[in-house]
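I opened this model to look up a few side chains and their surroundings. My notes follow in the order I made them.

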Amino acid sequence: MADKNQEKIISLEMDKAEYYLRFQNIEEEKGENLAEVMVEILAEVLEEPKEKILNGIDEIYRVHTQYAMTNKLPREMHVHSFLRSVRFNNSVGEKISFDKNGEFIGGFDIINWVTFPNQSFARIKVGMVDPTAPAEKFFNISVNSITWPEDFNQAVPLSLCNDPCETGHSKAKKEGVLFCCYDCRLCPEGKISKEKDVDDCSPCPEDQYPNPGKNMCIPKRITFLSYEEPLGISLTVLSLCFSSMTSMVITIFTKHKDTPIVKANNQNLTYILLVSLLLSFLCVFLFIGRPNTIVCLLRQPAFGLIFSVAVSCVLAKTFVVVLAFMATKPGSRLRKWVGGRMVSFILLSCSLVQICVCAAWLITSPPYPDFDAHSVPEELILECNEDSVMFYCVLGFMGFLALLSFSAAFLARKLPDSFNEAKFITFSMLVFCSVWLCFIPTYLSTRGKYTLAVEIFSMISSSAGLLVCIFFPKCFIIVMRPELNDKHQLMKRKF
């Protein structure tokens, strides 16, 4: 039982070894005191009197040492933890201390050896490495105190295998070489480095972008499609020109409202189509200029509704022509649909569907003014955030009406020409559909204010296609060939 207790005591003492400074390979003769041996060694190494070292050993040391001698512990035992707190100055005034593991804490002096022509030399201290000092003072050197040889090129020697990375660059590790060797890489897009030799570049805020040197961030300029820039001016002039042309056509048709060519194929429907085309050209002005909350809420729903009415009018015109000829057959039940009833049904139903889609858009995810900071690196684009599936629903329904109108007009193109404008409608809807089919990939591939310019140009082009293809032939007859604007002449002539 006593042997087991002794083994436990020995194990306990060995576990406490982290608190001691080990002195190995010390031969101790019988009757010698381990404490005296340790004191003699320390006094000799530290160049201090034995009495001073001995006074530093407290009662805890004596207890541990006596315990070790009583229990016959190994001779290579340890001086206890008092050494961790021992601090004194040696004969040259340097501070002497030990760390928590009993290791000697010592610094280094940085010496500048100065040689003279007579082969003599001087030893000058120009700095030091002090482990006990704060991190920023761990390495301290006075460059101005260094005396270099006369034939030295005065360049400070490098401890690296390459020059430090300049601002605007970051360090990139080289594989298979020492850690102090690295490449310098230019900061990536959107990032900068204000200091030399940085490990990684830092990103600029969203409203700023890097300068060419990539060592500072510059505020982005706020842009939007305005009336002052060439693109905005061009679209505005184009819209005004076609608006003026539409107004002239309305004036001509109003002035000659009693002539056969104006009365043919539903006069009221013609006026509705002309007014919707005029509004579609004027709708462009909602897309140019600085966007605000009201403009963002109005412009896309207004565009979708106006164009749906215009295409619905074209669809109604085509169906009126087809039904007119189908109702001439004896006993046809379609006669009751010929006239205003069919026109009203088509216009109201198509417009109601588009109104419901736009209302759902405004309720679920209404557009709002926003900044686009990513499309153009140097610009902060002020725009309406319309990133919603409902926008494509508006375009999709309008495209469905356009395809339906094109199909109906294409099938009716061979009806008697004197009563039929299906050929003009077919060509106009072909232009309309082509414009909007080209719009989709172009819209998705452009960025910033040019995306908005693509939509505006598509609006103007498609509306102009309807205006020119459907109404210009009629205006030519009314203005340039008034003798042909006669019922009997129309019955004879194909145009």
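I started with Tyr-392. Its relative accessible area is 42%, so I logged Tyr-392 as partly exposed. The model is a predicted one, and I read every value with that in mind.

Next I checked Phe-391. Phe-391 has a relative accessible area of 2%, so I put it down as buried; the cut-off for that word is under 20%.

How do the rings of Phe-391 and Tyr-392 pair? Phe-391 with Tyr-392 is an edge-to-face pair. Their centres are 5.3 Å apart, and the planes make an angle of 75°.

Phe-391 and Tyr-392 belong to one aromatic cluster, together with Phe-303, Phe-307, Trp-361, Phe-432, Trp-436, Phe-439 and Tyr-443.

I also looked for a charge over a ring. Lys-171 lies over the face of Tyr-182, 5.0 Å from the ring centre.

**Nonpolar core**

I turned to the largest nonpolar core, which has 70 residues. Which residues have the most contacts inside it? I found Phe-303, Phe-432, Trp-436, Ile-456 and Phe-471. Several helices supply at least two residues each, among them α5 (230–255), α8 (293–326), α10 (389–411) and α11 (422–445). Helix α12 gives the most, with 14 residues.

**Lys-449**

I wanted a charged residue next. Lys-449 sits in helix α12, which covers residues 449–479. Is Lys-449 buried or exposed? I logged it as buried, because its relative accessibility is 14% and the limit is under 20%. Its side chain makes a polar contact of 2.9 Å with the side chain of Glu-229. Not counting residues up to four places away in sequence, Lys-449 touches Glu-229, Phe-224, Leu-225 and Ile-381.

**Pro-219**

My last stop was Pro-219, in strand β14 (residues 217–219). Pro-219 is exposed, at 58% relative accessible area. Where is Cys-204 relative to Pro-219? I found them 15 residues apart in sequence and 9.6 Å apart in space, C-alpha to C-alpha. Beyond residues up to four places away in sequence, Pro-219 touches Asp-207, Gln-208 and Tyr-209.

How values were computed:
Residues are numbered from 1 along each chain as its sequence is written. This is a predicted model: local features need pLDDT of at least 70, side-chain atom pairs count only at pLDDT 80 or more; totals for chains, interfaces and linings use all residues. Side-chain values use heavy atoms; hydrogens and water are left out. Rings of Phe, Tyr and Trp (its six-membered ring) pair if their centres lie within 6.5 Å; planes under 30 degrees apart count as stacked, over 60 as edge-to-face and the rest as tilted. Buried means under 20% relative accessible area, exposed over 50%, partly exposed in between (1.4 Å probe, protein chains only). A charge sits over a ring if NZ of Lys or CZ of Arg is within 6 Å of the ring centre and within 35 degrees of the ring normal. Helices (H or I, at least four residues) and strands (E, at least two) are DSSP runs, numbered from the N terminus. A polar contact is a pair of N or O atoms within 3.5 Å; within protein, one must be able to donate a hydrogen and the other to accept it, and residues adjacent in sequence count only if both atoms are side-chain atoms. Contact means heavy atoms within 4.5 Å. A nonpolar core is a set of buried Ala, Val, Leu, Ile, Met, Phe, Trp, Tyr and Cys residues joined through side-chain atoms within 4.5 Å.
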